[in-house]
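Hi everyone, thanks for making time.

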Amino acid sequence: MDLDVFERICVKAKDETKGNCRFGLYNWTEPTLHSRLNELIAIANRHAIPCGISSNLNHYYDWSLLKSVDLCNFTITVSGFTQKTYAINHKGGRIEPVLKNLVDISSILGDSPSYKNIQVRYLVHRDNKHEVSSFKHLCDRLGLAFSVYHAYYMPIDRMFEGLEGVPDGLDYIEYSPKLVRGAIGDYRTSKCALRDGQVVLDVDGNFGVCCVESPSAPQIANFLDTPFRDMQKARFASELCTKCIDQGINVLATYAQYEPQSVQDAVNSSLPFDLKSLI
Ligand SMILES: C[S@@+](CC[C@H](N)C(=O)[O-])C[C@H]1O[C@@H](n2cnc3c(N)ncnc32)[C@H](O)[C@@H]1O
């Protein structure tokens, strides 16, 4: 994204949310591939907008560039400790640069205020639980926060497909749409944190319906040309939202974390293992 466009987005977002906003410089993309990532974060910092990133650490990056900026969160997404296991979910990914980057991040950013906001997110599935403890051990050694999440189907088209059966190549994912829908029964909610509390903008500042939509999905309009109220109105009115809520996919995509405890318990007890037991 162009720095000028980004700055105008900062100004508009801060104004329309009365400063109650934060930025995540990622969705389907990899922020370390942006040659001016540190400058984007610095612009958000200048506007006092909390700014975070999420990375798969598959690319070598000059982490010293991030020493002078504030990161409200820095998520590191992993799904295995050995190449064989890592490649199951991170198809085409390489674990070697991930591990090297983790060590470099700890030595280069270890004394920066943002270091406490770095969190390794281990996406758990059927075939990688045996390596969770090795990854946690490494993070403990590096003083990095570590958490486990269920890997789920991406993008939303696969989630809908998953209500009928297991799409090709996703049999290793246990947190499936069919399982979650079976667990929640007739429970539905028209609320969705992915629509009500966040919006994704593409490289030109165009917005779509939500973050689990395919990156190739047609965008609705441009954030800079659209008043906030009209943007939300268009998103709420989208066919995709209606279908998603009708099928209960918004519950799956948010890990049921905003739903009544009984619904959360139903989802957790429907899974073949308890995430918490892994760490
Ligand atoms: C698609 S990633 C892109 C950002 C960055 N490249 C990364 O890998 O963190 C955006 C967010 O989705 C999460 N994510 C990626 N694949 C996922 C999956 N199969 N299930 C659940 N969350 C996933 C990641 O942890 C990340 O925070």
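So, how many bridges join strand 4 to strand 5 (residues 145-150)? There are six, and the two strands run parallel. One of those pairings is Arg121, whose bridge partner in strand 5 is Ser147.

Before I go on, a word on where this comes from. It's a predicted model, so local features need a pLDDT of at least 70 and side-chain atom pairs count only at pLDDT 80 or more, while totals for chains, interfaces and linings use all residues. Residues are numbered from 1 along each chain as its sequence is written, and side-chain values use heavy atoms, with hydrogens and water left out.

When I say strand or helix, I mean a DSSP run, numbered from the N terminus: E and at least two residues for strands, H or I and at least four for helices. Two strands pair if DSSP finds at least two bridges between them.

Back to strand 4, residues 118-124. Strand 3 (residues 73-78) is joined to strand 4 by five bridges, and these two also run parallel. There, Ile76 stands opposite Val120 of strand 4. Is strand 4 mostly buried or exposed? Five of its seven residues are buried, so the rest of the structure largely encloses it. Buried here is under 20% relative accessible area, exposed is over 50%, and partly exposed is in between, using a 1.4 Å probe and protein chains only.

Strand 4 also leads us to the ligand. Along with strand 2 (51-55), strand 4 supplies at least two residues of the shell around the ligand. That shell has 15 residues, and Asn27, Glu30, Ser54, Thr77 and Tyr152 come nearest; a residue counts as near if one of its heavy atoms lies within 4 Å. By class, six are nonpolar, seven polar and two charged. Both domain 1 (1-151) and domain 2 (152-279) contribute at least three residues each, with the bounds coming from an automatic or database domain assignment.

Now the polar contacts, meaning pairs of N or O atoms within 3.5 Å. A ligand nitrogen is 2.9 Å from a side-chain N or O atom of Glu30, and a ligand nitrogen is 3.0 Å from a polar backbone atom of Thr29. On the oxygen side, a ligand atom is 3.4 Å from a polar backbone atom of Ser55. The protein covers 86% of the 540 Å² of accessible area that the ligand has on its own, by the Shrake-Rupley method with a 1.4 Å probe.

Note on methods. Polar contact = N/O pair within 3.5 Å; in protein donor to acceptor, adjacent residues only side chain to side chain. Nonpolar A, V, L, I, M, F, W, Y, C, P; charged D, E, K, R; others polar.
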